[in-house]
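This report goes through one protein chain, from its overall form to a few local features. Please keep the sequence and the model at hand while reading.

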Amino acid sequence: MTAAALEPRAGRRCHNMLNTLHAASYFAPELGTELAALGITHPRAVNFAVRAAALGPVGAGAVTATFYNYKHDLVARHVPAVWAIASPEDVLAARARAVDATLRRLLGEEALTSPEMAEAARLALRATEACSRSARPLYSAHADLPVPEELHLAYFHAATLLREHRGDGHLAVLVSAGLDGLEAVVTHTATGKGMTPKWVCATRGWTREDWDAASGRLRERGLVDGAGGLTPEGVAVREEIESETDRLDRAPYEHLGAEGVARLTELGAGFARAAAGAGAFPGDLIGKG
């Protein structure tokens with residue numbers, strides 16, 4: 001019997017479910033508590049440290065390049081100064097403790113050692129076997145880290161690898177589309193699926209003036225209208241960006257196979273719904289604002 005073909009957006013849907021649980025860690029109070037114990041207290045410094053730690057004690061330029069949509073001035077205020085407070089190794093250990101506590105709170109103790117978690121970890125790790133290191137710095141750095149023994153941490157590790165693999169490819173597509181970091185965010189927010197301008201400015205270092213200037217550039221290109229919504233051309237550009245990102249990120253999900261992807265999506269959706277239902281995200285995080 002011939003194996004079922006992988007539907008074009010199946011990998012994207014699967015990634016979105018896994019990434020939801022991964023992203024919850026950035027909003028968890030446990031992360032701030034663990035990093036504060038190391039002496040890192042500023043929320044932006046926490047964010048830069050935990051996501052960049054796998055790269056080693058890099059400078060601001062590397063973080064701005066790999067994160068893409070943060071204002072460099074903000075990054076430079078905290079990097080590389082954060083590494084004088086705590087080493088990347090200590091930050092990674094603190095993140096693991098924070099993730100462990102966060103998943104226990106959001107999912108409940110039983111879920112962490114359940115057959116479903118074991119199956120999800122197995123499937124997600126299998127998908128990562130086909131990830132590519134080439135031109136994917138954040139993925140490749142995280143791929144150097146050991147796989148945790150605990151099932152829920154192994155699942156989180158695999159979700160992180162798949163997130164960064166897709167993310168690194170996505171940045172290449174954004175560069176090809178001629179969108180700088182803030183322009184990319186503005187167009188994503190205009191779809192109604194990205195962060196609100198309030199959250200973008202609060203977490204990425206941009207001002208409202210920066211936002212308005214980026215919107216003006218996009219209006220000149222015919223991608224957004226006067227109300228900040230996407231024009232038909234803007235919709236087409238965003239659709240092409242996502243389709244090309246899907247293409248660059250297809251290998252892990254082809255490797256897993258259509259049935260495996262469908263099952264991992266189902267399992268991931270269950271964990272994502274449980275986390276969201278437990279209050280993992282701010283209520284005003286997503287939308288056009």
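**The chain as a whole**

The model is predicted. Its chain has 17 helices and zero strands. The C-alpha atoms fill a box of roughly 55 × 55 × 35 Å along the principal axes. For 289 residues, a compact globule would have a radius of gyration near 19 Å, and the chain agrees with this at 19 Å.

Of the 289 residues, 52% are buried. The accessible surface comes to about 13000 Å², and carbon and sulfur atoms hold 55% of that area. Among contacts with a separation of 6 or more, 76% are between residues 24 or more positions apart.

**Helix H12**

Helix H12 spans residues 181-190 and is mostly covered, with nine of its 10 residues buried. The buried residues include Gly181, Leu182, Glu183 and Thr187. Cover for the buried part of H12 comes from several helices, including H11 (151-176), H13 (197-204), H14 (208-220) and H15 (232-248).

Both ends of H12 have a local feature. At the start, a side-chain oxygen of Asp180 comes within 3.2 Å of the backbone nitrogen of Leu182. Just after the helix, Gly192 has a positive phi of about 85°.

Thr64 is located in helix H4, residues 60-67. Is Thr64 buried or exposed? Its relative accessible area is 17%, and the cut-off for buried is under 20%, so Thr64 counts as buried. Leaving out residues up to four places away in sequence, Thr64 touches Tyr70, His72 and Val75. With His72 there is also a polar contact between side chains, at 2.7 Å.

**Ala36**

Ala36 belongs to helix H2, residues 29-38. Its relative accessible area of 36% makes Ala36 partly exposed. The C-alpha atoms of Ala36 and Ala94 are 9.7 Å apart in space, while the two residues are 58 apart in sequence.

**Backbone features in the loops**

Most residues other than glycine have a negative phi, and most peptide bonds are trans.

Tyr68 has a positive phi and is not a glycine. Tyr68 sits in the loop between H4 and H5. Ala135, also not a glycine, has a positive phi too, and is placed in the loop between helix H9 (115-128) and helix H10 (137-143). The table sets out the values for these two residues.

| Residue | Phi | Relative accessible area | Class |
|---|---|---|---|
| Tyr68 | near 75° | 18% | buried |
| Ala135 | about 60° | 75% | exposed |

Why is Ala135 classed as exposed? The cut-off for exposed is over 50%, and Ala135 has a relative accessible area of 75%. Tyr68 is classed as buried because its relative accessible area, 18%, is under 20%.

Which residues does a cis peptide bond join? The bond lies between Val79 and Pro80, and its omega is about 10°. Pro80 is found in the loop between helix H5 (72-78) and helix H6 (81-85).

Key. Residues are numbered from 1 along each chain as its sequence is written. This is a predicted model: local features need pLDDT of at least 70, side-chain atom pairs count only at pLDDT 80 or more; totals for chains, interfaces and linings use all residues. Side-chain values use heavy atoms; hydrogens and water are left out. Helices (H or I, at least four residues) and strands (E, at least two) are DSSP runs, numbered from the N terminus. The radius of gyration is taken over C-alpha atoms; the globule rule is 2.2 Å times the number of residues to the power 0.38. Buried means under 20% relative accessible area, exposed over 50%, partly exposed in between (1.4 Å probe, protein chains only). Contact means heavy atoms within 4.5 Å. Accessible areas come from the Shrake-Rupley method with a 1.4 Å probe; for residues, only the protein chains shown count as cover. A polar contact is a pair of N or O atoms within 3.5 Å; within protein, one must be able to donate a hydrogen and the other to accept it, and residues adjacent in sequence count only if both atoms are side-chain atoms.
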